Amino acid sequence: MTSNNLYADVILPLAVKGSFTYRLPPETGTEISPGMLVSVPFGKKKIYTAVIYKVYQNKPSGYEIKNIVSVLDAKPVVNDLQIKLWEWISEYYMCTLGEICNAALPSGLKLESETRIIPQRLPDQEEPLEEPEKYVLDFLRRTDGMNIKQLQKVYQDRNVMPLLKIMMDKGLLSIEEKFRKKIPAKKLIMVRLSEIWNNAERIDELFHKLTRSGAKKRLLSVYLELAGESNGKTGEGIQKNVLLRKAETGNAVFNEMMEQEIFAISEKETPLSEITLSKIPDHESKQPVNLNDAQQLAFQAIVKNFLNHDVVLLHGVTSSGKTEIYIHLIRETINKGKQVLYLLPEIALTAQMINRLRLVFGKKVAVYHSKYSDRERLETWKDLLQDCDQKDRRVNIILGARSSIFLPFMNLGLIIVDEEHENSYKQFDPAPRYHARDTAIILAGLHGAKVVLGTATPSLESYHNSTTGKYGLVELPDRYLDMKMPEILVVNTREARRRKAMYSHFSAVLADHITRALQNHNQVILFQNRRGFSSYLQCQDCGYIPLCRRCDVSLTYHKNNNRLKCHYCGYSEAVPMKCPVCKSEHILMKGFGTEKVEEEIALLFPGANAGRLDLDTTRTRKSYEHILDAFDRKELDILVGTQMVSKGLDFDNVKVVGIMNADTMLNYPDFRAYERSFQLMAQVSGRAGRKKERGLVIIQTTYDTHPVIDAVVKNDYHALYANQADERRKFNYPPFSRLISVTLKHRDRELLDEAAEKLARNLKRHLGDRVVGPEYPLVPRKHNYHMKNMLIKIEKGNMLQEAKAFVSEEIRALLRSGPFKSIQVIPDVDPY
């Protein structure tokens with residue numbers, strides 16, 4: 001629509017209910033449509049980027065309408081199907097469109113007046129800059145960046161945001177992200193010959209000059225070989241790390257040649273995705289591996305199921321070859337001219353999976369998750385927006401974590417949800433608190449696409465849906481190439497301690513098998529689902545335990561920095577030398593985490609190289625890749641980790657897997673504890689013996705006759721499902737009901753109690769005994785906020801919609817009442 005008396009409802013990336021109406025001034029002469037970005041004033045002085053939701057010509061009445069400041073894009077950056085998905089998420093998960101908008105859009109699309117703009121270094125600018133661009137760039141370089149509000153005053157133009165948007169598209173500017181660690185764009189060091197040596201005669205002279213230095217001559221020869229320097233033209237240059245690796249030369253020789261002005265260097269700023277893709281050919285570089293008979297039958301069964309079901313559950317044991325089936329399904333889908341979304345629950349898994357996919361599909365694969373920089377995610381977003389034929393489209397396959405469901409797919413044909421049982425697919429904080437698996441099914445429905453849910457240990461909900469005919473079901477009961485499932489030994493640690501057959505936290509059985517594996521040059525994975533060194537400290541005389549000052553939880557000891565740390569709010573303090581209560585020096589460490597296991601490995605197996613994979617060692621994308629690559633290259637003999645090591649990792653040489661303490665999982669007070677214990681133990685067991693010889697798993701527990709342990713040993717998912725389904729049906733838990741949790745938070749505990757009791761009374765008036773609580777959670781205070789929870793069990797069917805509407809209205813009524821306006825009330829649908 002043209003801008004003659006047009007009005008637009010826009011979605012602001014804020015946690016505010018509904019949309020807001022603005023007028024498009026006729027003088028702009030711009031066409032607008034839903035999904036386009038505009039800058040709008042909101043509040044007294046702030047300007048935000050908003051997404052156009054609806055466009056119409058009839059002027060609304062009853063309130064003053066502000067003007068749109070500027071239109072930022074010539075085409076929509078959010079398509080119609082995305083907006084429909086946002087509407088579904090908002091309605092189903094009881095959140096606002098603004099919260100979804102904020103989660104969905106990369107930061108580069110969400111400029112606001114407080115956003116800090118940073119200039120980028122561009123040593124070799126290809127195109128000349130316009131005068132306004134030069135002015136802004138020079139000013140920002142002198143001031144080292146400023147926010148948009150400040151820049152508008154300097155530029156003296158209220159429409160500065162379109163200029164900033166253009167400059168960001170050119171890579172001249174970036175934004176500073178305030179709420180997470182910034183991952184800078186990758187800067188490559190490019191090497192080329194200095195100008196004084198830039199012709200054939202001078203190169204001959206240079207070789208003669210370097211006669212006495214074999215290392216320098218070799219480095220120069222390798223450079224000329226890589227750069228094709230027979231005619232002396234240097235071009236862009238060669239990556240420094242590639243040059244030194246190829247020449248098998250260190251920095252010392254290179255630095256000497258720099259001092260002699262033989263080489264010159266420059267920086268090239270390039271996204272990691274582009275660096276990786278530069279090594280991959282444009283065409284398919286390798287045919288997929290041929291499927292064996294069992295895989296081929298499963299592949300055909302999935303295709304057949306797609307005739308009657310939009311969703312198929314692929315239940316295959318660990319190492320049954322599910323990934324190869326996915327690859328064949330992907331190839332079939334993109335050959336039809338459609339796109340594929342491949343969801344993974346853990347960012348760590350993308351490092352291995354991207355290599356497997358790019359071997360077959362080359363540059364058609366892109367990665368999208370939160371560990372990538374905003375610039376890289378923005379480039380992927382723009383690639384998917386390209387309106388072009390399949391043969392010209394840069395990206396056909398997206399490999400990503402849960403946030404990739406928000407990307408602007410144009411022609412989605414298949415979604416693969418790998419390890420569909422993982423609770424990592426659930427977003428907890430902040431809103432929108434969506435489940436990526438369930439949202440992906442809705443996304444596929446909007447596109448008319450199909451969904452494959454793959455796992456060795458299905459969630460009870462998915463398996464229930466497959467048994468009732470809602471989903472198709474395909475099973476792979478055997479491992480690839482008939483490899484045997486690992487042998488599983490259960491060690492009763494209580495009995496082992498009685499017989500003095502425990503070496504700290506290692507049973508004699510586990511220690512013996514680790515020793516044998518290391519002697520045979522095999523690798524070991526040890527699973528302990530608790531990070532840190534020890535769970536807590538305790539005074540032996542008075543019982544004092546150091547607690548967090550902001551949360552009601554004990555502090556965990558981390559030996560690497562010798563501090564006590566809260567895993568909820570990050571508070572830390574020094575380790576006390578004496579008990580602050582009774583002054584006793586008898587302070588002991590209780591419990592153990594991955595740090596403790598890593599230390600004990602050094603004592604028990606002194607010749608072994610050990611690595612640790614947990615939240616403390618994987619703060620960045622590179623750290624994930626470094627640890628996993630080192631283990632894959634056999635530079636590490638033993639890998640210790642939390643649940644990260646259980647999620648689909650594929651290593652050829654792992655012989656032994658040790659589960660250090662199964663009791664903590666089995667005893668967790670949650671209705672899903674047995675289901676998740678089975679899933680974790682079965683998944684981590686599946687890392688053993690995947691390729692060469694049968695693996696061995698050792699489970700340490702005091703409950704050696706527990707039915708969940710028995711199901712893991714027998715690899716009997718069906719027994720676990722039958723047992724848990726009966727219990728869930730009896731107590732009205734999913735998959736036989738829907739859950740809504742309501743959490744109330746406030747700094748004043750008494751006010752919180754009063755509000756929680758009032759809300760519970762009002763809810764029970766209509767919902768009766770479907771409402772459980774209010775109760776304090778396991779950790780009743782976090783970040784200085786006290787909390788109370790209620791759980792609402794709703795029968796499946798239309799009752800859910802009615803219940804959500806009633807809960808929303810009661811929450812609004814509570815917050816309208818005077819004393820409770822400051823209470824935070826957080827509804828969460830399908831919370832576990």
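Which cysteine sulfur is closest to the sulfur of Cys566, and how far away is it? I began my entries with this pair, working throughout on a predicted model.

**Entry 1: cysteines**

I found the closest cysteine sulfur to that of Cys566 in Cys548, at 3.7 Å, which is too far for a bond. The cut-off I applied is 2.5 Å between the sulfur atoms. I then looked up the disulfide count for the structure and recorded zero. I also noted the burial of two cysteines. Cys566 has a relative accessibility of 1% and therefore counts as buried. Cys95, with a relative accessible area of 10%, is buried as well.

**Entry 2: the protein overall**

I looked up the secondary structure and recorded 26 helices and 37 strands. The protein has 832 residues, and buried residues make up 54% of them. I next took the contacts between residues at least 6 apart in sequence; of these, 76% join residues at least 24 apart.

**Entry 3: helices H7 and H8**

Two packed helices are described by the angle between their axes and the distance between the axes. I looked up both values for H7, which spans residues 214-227, and H8. Their axes come within 9 Å and cross at roughly 120 degrees. The two helices are therefore oblique to each other. I recorded the crossing of H7 past H8 as right-handed.

I then listed the residues that meet. H7 contributes Arg218, Leu219, Val222, Tyr223, Glu225 and Leu226. From H8 come Val242, Leu243, Leu244, Lys246 and Ala247. Sorted by class, this contact has eight nonpolar and three charged residues, with no polar ones.

**Entry 4: helices H22 and H24**

How are helices H22 and H24 oriented where they pack? I recorded H22 as residues 673-685 and H24 as residues 717-731, with an angle of about 165 degrees and axes 10 Å apart. That angle makes H22 roughly antiparallel to H24, since the threshold for this description is over 145 degrees. H22 passes H24 in a left-handed crossing.

The residues that make the contact are Tyr674, Glu675 and Phe678 on H22, and Tyr717, Leu720, Gln724 and Arg728 on H24. By class, I counted four nonpolar residues, one polar and two charged in this contact.

**Entry 5: Ser677**

I looked up Ser677 next, which has its place in helix H22. Its relative accessible area is 1%, so Ser677 is buried. Which residues does Ser677 contact, leaving aside its neighbours within four places in sequence? I recorded Met665, Leu666 and Val708.

Terms used: Residues numbered from 1 in each chain as written. Predicted model: local features only at pLDDT ≥ 70, side-chain atom pairs only at ≥ 80, totals over all residues. Heavy atoms only, no water. Axes fitted to C-alpha atoms, helices over the stretch in contact; angles between N-to-C directions. Helix = DSSP H or I, 4+ residues; strand = E, 2+ residues; numbered from the N terminus. Parallel < 35°, antiparallel > 145°, perpendicular 65-115°, else oblique. Left-handed = near helix turned anticlockwise from the far one by under 90°. Contact = heavy atoms within 4.5 Å. Nonpolar A, V, L, I, M, F, W, Y, C, P; charged D, E, K, R; others polar. Buried < 20%, exposed > 50% of the residue type's maximum accessible area, 1.4 Å probe, protein only.
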